[in-house]
Every structure is written in C-alpha cells, then in structure tokens.
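Here is a walk through one chain, written for someone who has the coordinates open. Follow along in the viewer as you read.

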Amino acid sequence: MLLTEFRPTGATRYKLEKESSATILDEVLDESKKKADKLRQKTLLRLIENSLGLIPGEWMAESLIEIHKMLDREKKTYRKIIEFDSNEKLRNLHLIPVLYKAIENKQVLRLIYHAHFSKDKYLVFCPYYLKEWNNRWFVFGCSRDELDSKADPRKNDICALDRIKDVKELVHEKYVEPEIDYVNYFEDIIGVSRTTIKRKSDGKTITFDARKIMIEVCGRDAGYTYERLLSKPLHKSQMVEKEFDEEEGTALISLTVVPNNELMGRLLEYGPNIRVVDTTEDHSFYKWFSSHVRQMAALYSEVTAVTSSAKEKRR
C-alpha cells in the first residue's frame with residue numbers, strides 16, 4: 001500500500017507500509033508517467049490551438065476533439081465548442097500524408113489520374129507541393145506520360161487529389177528537382193491556377209502575368225460590400241483607390257493578380273454589388289468577365305421568357 005502526503009510546496013512525501021520497494025517504485029513511476037502524459041497532451045493542445053489557420057481544418061478539428069476527450073475522460077465534461085469548414089465527403093483525403101511523405105523523401109510516383117471529360121492518364125509524377133483551396137486539395141509537381149518516355153520530364157502539372165485513382169511509388173525512376181519556388185508561386189494569384197492561352201499566330205502557349213484589375217463597389221448593398229472587402233480582402237495586393245462615398249454609393253478598389261477562374265468565382269460571389277472596370281491596362285479580363293456575366297444573364301432571361309409565355313397561355 002502506498003500512502004502520499006502532499007506538502008504546501010507541492011512536493012510529495014511517500015510513506016511506506018507493508019510494500020516491497022519494487023511495487024512502490026512501479027507506483028511512483030506510474031504516477032509520474034500519468035503526469036507526463038497529461039503535460040504532453042496539454043502542450044500538444046496548445047500547439048494545435050496556436051496553429052489555427054495553418055493546420056488543415058479537418059485535421060485540426062479531429063486532433064482537438066481527441067485531445068479534449070483524453071483530458072476530460074475522467075470528468076466526462078467534453079463538449080464541442082469549435083468547428084472548421086471542411087468537406088468530410090471529399091475523396092482521397094487519406095492521400096495527404098502519403099503525398100507529404102513522398103515530397104519529403106523525394107519519391108517518384110505513378111499516378112492514375114482522371115481529368116475531367118477525358119480518359120484516365122498514367123503519369124510519372126514528381127511531387128513538390130501540397131495546397132488546399134476552397135475545401136479541395138491539390139498536389140503540384142512535374143509529370144510525363146508513363147507511355148511516352150521521350151516526353152518532357154519537367155512539365156509542370158497540378159492534380160486535384162479527389163481525381164487521383166491510384167498512387168504507387170516508382171523506385172527506379174529518377175526524381176527531378178523543382179524549378180519553381182512554390183513558396184512564392186502563389187504570391188500574385190487567387191487560388192491555385194495560372195491561366196494559359198494558345199497564341200493564334202504561332203500556337204505558342206502564353207501564361208498570363210499579374211496585372212492591375214479595377215473593381216467598382218456599387219449597387220444596393222454597396223456600403224456593406226465595401227466594409228466586407230475591407231475586413232476580408234480578396235488578396236493581399238488589394239488597395240483602396242477611392243473610399244466609399246455615401247452620396248454616390250460607390251467605391252473603387254484594385255487588385256494586382258493573375259486573372260484566373262478562381263478570381264472570377266470570388267468576384268461573382270458579390271453579385272450585383274461590384275463591377276469590373278474596363279481599363280486600358282486590363283481590357284482582356286474585363287471582356288472575359290463581362291462575357292461570362294452576359295452568358296449567365298442569358299440563361300435567366302430564357303427562364304423569364306418561358307415563364308411569361310406559360311402565363312400568357314394560361315390566360
């Protein structure tokens with residue numbers, strides 16, 4: 001039997017009664033181990049909580065829950081008080097640690113990849129970087145077609161994890177080092193993609209550079225939209241070109257980014273409360289964006305026409 005007496009200083013004095021030294025030592029070590037485990041759990045909990053926004057939401061939530069459960073198991077007081085936006089049904093989340101390890105160890109992989117509206121691709125893939133965007137994970141690297149040994153092994157590629165059908169390590173393939181600094185690669189883009197077009201004159205592929213895009217805040221909810229853009233900027237390059245004028249009901253902001261589909265999607269979230277301004281510096285994005293909006297409007301005008309026609313027939 002082991003009796004403990006706690007002193008004011010926090011030190012513990014042990015009194016021994018009818019117990020062998022081996023058993024006593026076991027109990028002392030067991031008590032120390034429990035304290036050490038609890039300290040490690042609390043330290044890990046603080047580390048995770050201090051990493052909000054850095055650790056993927058689904059990992060964070062699961063880790064926090066499990067640690068709180070361990071800490072409160074005896075008290076049975078655990079209740080969930082924090083939640084992160086995540087898509088638990090997204091396919092292939094289990095590949096994140098697999099790809100992370102492959103990047104860390106410079107492993108060449110064979111991917112079976114199903115791109116949209118095409119047959120499966122068999123890729124020899126050197127992974128470089130993982131990135132999450134809009135609750136979806138992507139792996140960046142260079143790839144070549146497995147069946148085409150003469151293909152350029154340095155072709156930059158991006159694969160959505162939910163479209164990967166199989167991953168296998170290729171032990172005998174040589175790993176190609178990255179030519180892109182991915183830490184700075186995303187500095188001037190929203191999302192993950194860089195828009196490319198084929199030039200009609202020579203068929204050469206051209207990648208868009210960053211350019212200044214002017215956005216007018218307007219519409220019925222212009223004041224709210226302006227405040228929302230100030231508190232949650234679209235990009236770190238966002239600048240206020242003209243502050244909100246309550247009488248005019250307008251403001252002007254600018255972004256210096258590469259035009260891409262992700263930028264268009266973000267702007268469309270604001271509906272009729274923003275307008276892309278046609279400027280000499282970026283007439284191309286204005287044409288692209290306005291064409292997209294007109295196509296959307298045409299879909300709804302067709303619906304309106306059908307509805308009006310149906311009403312006329314009922315009369």
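## Salt bridges across the chain

The side chains of E146 and R110 come together in a salt bridge, 3.0 Å from N to O. That pair ties together distant parts of the chain: E146 is in the loop between β5 (136-145) and β6 (155-160), R110 is in strand β3 (residues 109-114), and 36 residues separate the two. Keep in mind as you look that this is a predicted model.

How exposed or buried are the two partners? E146 has 28% relative accessibility and counts as partly exposed. R110, with a relative accessible area of 18%, is buried; the cut-off for buried is under 20%.

K236 is exposed at a relative accessible area of 61%, while E187 is partly exposed at 36%.

A further salt bridge joins R266 to E269, with the closest N and O atoms 2.7 Å apart. R266 is partly exposed, its relative accessible area being 24%, and E269 is also partly exposed, at 45%. The count of salt bridges in the model comes to 11; the table lists some of them.

| Salt bridge | N to O distance |
|---|---|
| E146 and R110 | 3.0 Å |
| R266 and E269 | 2.7 Å |

Now turn to α5, which spans residues 222-231 and has A222, T225, Y226 and L229 as its buried residues. Looking down the axis of α5, you'll find those buried residues within an arc of 100°, so they line one face of the helix. On the face of α5 turned away from its buried side sit the exposed residues Y224 and S231.

What covers the buried residues of α5? The cover includes β10 (211-217), β11 (239-245), β12 (250-257) and β13 (274-276). The helix α5 lies across β10, β11, β12 and β13, and it runs at about 150° to β11.

Those strands belong together. They make an open sheet of four strands, in the order β11-β12-β10-β13, and the pairing is antiparallel. At the edges stand β11 and β13, each with a single partner strand, so one side of each has no neighbour in the sheet. From one strand to the next, the twist averages 25°.

For a closer look at one pairing, take β11 and β12, which run antiparallel and are joined by four bridges. Within that pairing, K242 has L252 in β12 as its bridge partner.

## A buried asparagine

Zoom in on N260, in the loop between β12 and α6 (261-268). Is N260 buried or exposed? With 0% relative accessibility, N260 counts as buried. The side chain of N260 reaches the backbone oxygen of S193 at 2.8 Å. Setting aside neighbours within four places in sequence, N260 is in contact with I189, I190, S193, T195 and W288.

One is N92, which isn't a glycine but has a positive phi of about 70°. You'll find N92 in the loop between α2 (57-72) and α3 (95-104). N92 counts as buried, at 16% relative accessibility.

Another is N134, where phi is near 55°, again positive in a residue other than glycine. N134 is in the loop between β4 (120-133) and β5.

Note on methods. Residues numbered from 1 in each chain as written. Predicted model: local features only at pLDDT ≥ 70, side-chain atom pairs only at ≥ 80, totals over all residues. Heavy atoms only, no water. Buried < 20%, exposed > 50% of the residue type's maximum accessible area, 1.4 Å probe, protein only. Arc of directions from axis to C-beta. Contact = heavy atoms within 4.5 Å. Pairing = 2+ DSSP bridges. Axes fitted to C-alpha atoms, helices over the stretch in contact; angles between N-to-C directions. Salt bridge = Lys/Arg side-chain N within 4 Å of Asp/Glu carboxyl O. Polar contact = N/O pair within 3.5 Å; in protein donor to acceptor, adjacent residues only side chain to side chain.
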